Amino acid sequence: FNTVPIQRDGGGLDIESTTHLHGLLDQRWNLLLYPEGTRSRHGAIGRLRSGAAVLAAQHGIAIVPTFVERTRAAMPPTRMLVIT
């Protein structure tokens, strides 16, 4: 999946996660961030968060809106990705 683990701290990102994301963006990685900040438990769109917009503004990069569907079936929020 080429995923980047993000440690959240009380509804936000911890400092190590933010530093890691800034580093990836500085290296010109393309990131897919869910605007709700998490995966839906019921499949419905949740309240939007500002994280992606803040990162884009801090790095002067564009946000390209993308519609991604059926991710809940591939990786439900109750399942953890284990890389071996």
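A residue counts as buried when its relative accessible area is under 20%, exposed when that is over 50%, and partly exposed in between (1.4 Å probe, protein chains only). At 53%, L32 is therefore exposed. Hold on to that residue; we'll come back to it.

What you're looking at is a predicted model, where local features need pLDDT of at least 70, side-chain atom pairs count only at pLDDT 80 or more, and totals for chains, interfaces and linings use all residues. Numbering starts from 1 along each chain as its sequence is written, and side-chain values use heavy atoms, with hydrogens and water left out.

Helices (H or I, at least four residues) and strands (E, at least two) are DSSP runs, numbered from the N terminus. Of the 84 residues in the chain, 12% are buried.

Now take a look at α1. S17, L21, L24 and L25 are the buried ones in α1. Because they cover an arc of only 95° around the axis (taken from the directions from the helix axis to the C-beta atoms), they sit on the same side of α1. Turn to the other side of α1 and you'll find I15, E16, T19 and D26 exposed. After α1 comes R28, with a positive phi near 70°.

Back to L32: you'll find it in the loop between α1 (15-26) and α2 (51-59).
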